[in-house]
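The sequence and structure are shown first.

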Amino acid sequence: MPNILVLVEHDAGTPRKVTNQILTAARGLGADISAAVFGEGAGNAADALGGYGAAKVFVWDSPDAHGYATETQVAALEQAIAQSGASIVLAAADPFTSDVVARTAIRLKGGVVTDANDLELDGDRVLVTKDIFGGEMTSKCFAKGEGPQFITVKPNAFTAEEGGGGSPEVVSLDISLDDKAKRAKVVDVVEAESGGRPEMTEASIICAGGRGLGDEKGFELIEQLADALGAAVGASRAATDAGWYPHQHQIGQTGKTVSPQLYIGSGISGAIQHRAGMQTSQTIVAINKDAEAPIFSIADFGVVGDLYKVLPPLIEEINKRK
Amino acid sequence: MRIICPVKRVPDTAATKVIADDKTLDRDAGEAILNANDEWSIEEAMRIKERTDGTEVIALCMGPEQAQTTVRKALSYGLDGAIQITDPAIHGSDAAATARVLAAALRDEEFDLIIMGNQSSDARSTLVPAMLAEYLDLPALTYVRKLDLDDRTLTAQRETASGYVVVESQMPAIVSVVEAINEPRYPSFKGIMAAKSKPLETKDLAAIGLDAGEVGLDNSWTQIVEATPRPPKQAGEKVEDDGSGTVGAQALAEFLAGKKFI
Ligand SMILES: Cc1cc2nc3c(=O)[nH]c(=O)nc-3n(C[C@H](O)[C@H](O)[C@H](O)COP(=O)(O)OP(=O)(O)OC[C@H]3O[C@@H](n4cnc5c(N)ncnc54)[C@H](O)[C@@H]3O)c2cc1C
Ligand SMILES: Nc1ncnc2c1ncn2[C@@H]1O[C@H](COP(=O)(O)O)[C@@H](O)[C@H]1O
């Protein structure tokens, strides 16, 4: 049986959805599963992680985990891998987590495969299915270094289902940090107003707006649509460049790659660089007044019309049906 | 101060991708360009150069011989020189092997800062900056949307899903930047002309002291088994609104309800 360590994403000890999804995927591989959870409140996560199949949980409950950039967590992950004896490490395809994984992998001479959509076992190897070139192609690949196999998994690639363990064995890690691990220090954390909306890469529905909105105020309409659907808000580069919406919401080649169950693009033409970030979405809906807009060629449903006319009655209708 | 900008030659996003028999991307099949994200790192380095006397900016590129056009393009922004690492043994290197090459190339170079794109548009791994930092034993500040320099102290805003965190570090360090950091300039005519005569050092693996057994397809730590084009998506139903908005809205609501989204 493969021995898998899952690196946990959490908010003050509550595991994030993506972690439950990864634990479910690890169970699907018929593995011995342990989890590593770092940061303040980490200790509170153990039982929840057990509920998704972690038999053992390595805990480093310390403000140092997020008080510095990357390297403190590299030290902790290295320890957790050594103590668990894992040959496979699964983590979320999240920018900062990928940094931790990348540095740890170099230390342990293991290969890293990013952005997995699916995992299957092939002998001792995990064969990863992933999109490449912005979803133009899919590929199967694996990690083959002499160290463990490191794989980052895309949010929503798997459906989280409880199962497995119960109360896991908890191992408290004792991490001694040298000055080097602390050389990049976090001095401030600034949270933008999220309006209670989910994060884009984790959302199952994304409502995106583009230049066709005409101005910053247009995004209020996109936010209303998003709130009616419990969705996240995305934007094209034309919209983020104009300063109508923050860059972290940009979808596309130089923004985020998303594949939600539903993407609704309003006033977005569907340029190739935008499609490179959303064309793997399960269902694509486009609202555009130009019947020739390229986005329609990949849309499952299109409305040719003025978004300022179509969206208000649509929002009303959705709210009515709720 | 000396700043290094690693730059990558990538296929144009619109170019058809061809996978060769060894499962690597056929890099001669379509048009190749300078990775877009590396234009922001170049811009950021040039802004530091322009406000800090005695600053030199050097491009570093690992790539085939043809990558020289990419390096010249990078130089046209006003950089002082470039290093290109070219060797047949490099073909097929993954992120870690690429980082080994870049690290070896920098081992005997003096530098204070490495500024690079957060992602290449073809591999899109985002791994190279952190891996390079590990090989060079440097701190890495990735996904930076704003960078300030005060003597030897760097203060960076790292973009997060829900805002940003401010991180402080001393030089030398590696910084990877996101699009929000600046608006890159266009190369001037003067810059394009000057790029042709800027110093460009081309080195092979032996020259950077790296063994061929540490790089390339066979010595990478990842392997691609297959790569297949995704079947083209079929366009679905398209409803023409009559100008009232309600026709389009009703039809779309029905569609969403049918799919159980509402
Ligand atoms: C290197 C590079 C990287 C890039 N990276 C990205 C990226 O990451 N993400 C990205 O999105 N783009 C990216 N781009 C830019 C991309 O090429 C397009 O310019 C951009 O996506 C266009 O945004 P848009 O669709 O909002 O605007 P436009 O292309 O201008 O489209 C606006 C659309 O709105 C429609 N419209 C106007 N008014 C209305 C109305 N009242 N009702 C309904 N429809 C209306 C119009 O018909 C039009 O189709 C990149 C470009 C380059 C060169
Ligand atoms: N072959 C290369 N030569 C020089 N720099 C590279 C190369 N590959 C990647 N990089 C750098 O690493 C960054 C991130 O790329 P990646 O990790 O491939 O997504 C790029 O923006 C470049 O700055």
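How far does a polar side-chain atom of A:Asn288 lie from an oxygen atom of ligand 1, and what is that distance in Å? The distance is 2.8 Å.

## Basis of the report

This is a predicted model, in which local features need pLDDT of at least 70 and side-chain atom pairs count only at pLDDT 80 or more, while totals for chains, interfaces and linings use all residues; side-chain values use heavy atoms, with hydrogens and water left out. Residues are numbered from 1 along each chain as its sequence is written, and chains are lettered from A and ligands numbered from 1 in the order in which they are written.

## Ligand 1

Ligand 1 lies between chains A and B. It is surrounded by 25 residues, the closest being A:Arg211, A:Ser236, A:Ile251, A:Ser269 and A:Gln273 (a residue is near a molecule or strand if one of its heavy atoms lies within 4 Å of it).

Besides A:Asn288, the side chain of A:Ser269 places an N or O atom 2.6 Å from an oxygen atom of ligand 1. A:Gly267 contributes a backbone N or O atom, 3.1 Å from an oxygen atom of the ligand.

## Ligand 2

Around ligand 2 there are 22 residues, and the closest are B:Pro6, B:Asp38, B:Met62, B:Ser120 and B:Thr126. An N or O atom in the side chain of B:Ser120 is 2.7 Å from an oxygen atom of ligand 2. Backbone N or O atoms also approach ligand oxygen atoms: that of B:Leu127 lies at 3.1 Å, and that of B:Val128 at 3.0 Å.

## Helix packing within chain B

In chain B, the axes of helix H3 (residues 95-106) and helix H4 (residues 128-136) come within 8 Å and cross at roughly 50°. Axes are lines fitted to C-alpha atoms, for helices over the stretch in contact, and angles run from 0 to 180 degrees between N-to-C directions. Helices (H or I, at least four residues) and strands (E, at least two) are DSSP runs, numbered from the N terminus. H3(B) and H4(B) are therefore oblique to each other (under 35 degrees counts as roughly parallel, over 145 as roughly antiparallel, 65 to 115 as roughly perpendicular and the rest as oblique).

The contact (heavy atoms within 4.5 Å) includes B:Ala95, B:Leu102 and B:Leu106 of H3(B), together with B:Val128, B:Met131 and B:Tyr135 of H4(B). By class, eleven nonpolar, one polar and one charged residues take part in the contact of H3(B) with H4(B).

## Helix packing between chains

Helix H9 (residues 307-321) of chain A packs against helix H6 (residues 246-258) of chain B at an angle of about 40°, with the axes 8 Å apart. H9(A) and H6(B) are therefore oblique to each other. Among the residues in contact are A:Val310, A:Leu314 and A:Arg321 of H9(A) and B:Thr246, B:Gln250 and B:Leu256 of H6(B). The contact of H9(A) with H6(B) has nine nonpolar, three polar and three charged residues.

## Backbone features

Most residues other than glycine have a negative phi, and most peptide bonds are trans. A:Ala12, however, has a positive phi, near 45°, and is placed in the loop between strand S2 (10-11) and strand S3 (14-15) of chain A.

B:Met171 and B:Pro172 are joined by a cis peptide bond, with omega about 0°. B:Pro172 is found in the loop between strand S9 (163-170) and strand S10 (173-177) of chain B.

Key
Ala, Val, Leu, Ile, Met, Phe, Trp, Tyr, Cys and Pro count as nonpolar, Asp, Glu, Lys and Arg as charged, and the others, Gly among them, as polar. A polar contact is a pair of N or O atoms within 3.5 Å; within protein, one must be able to donate a hydrogen and the other to accept it, and residues adjacent in sequence count only if both atoms are side-chain atoms.
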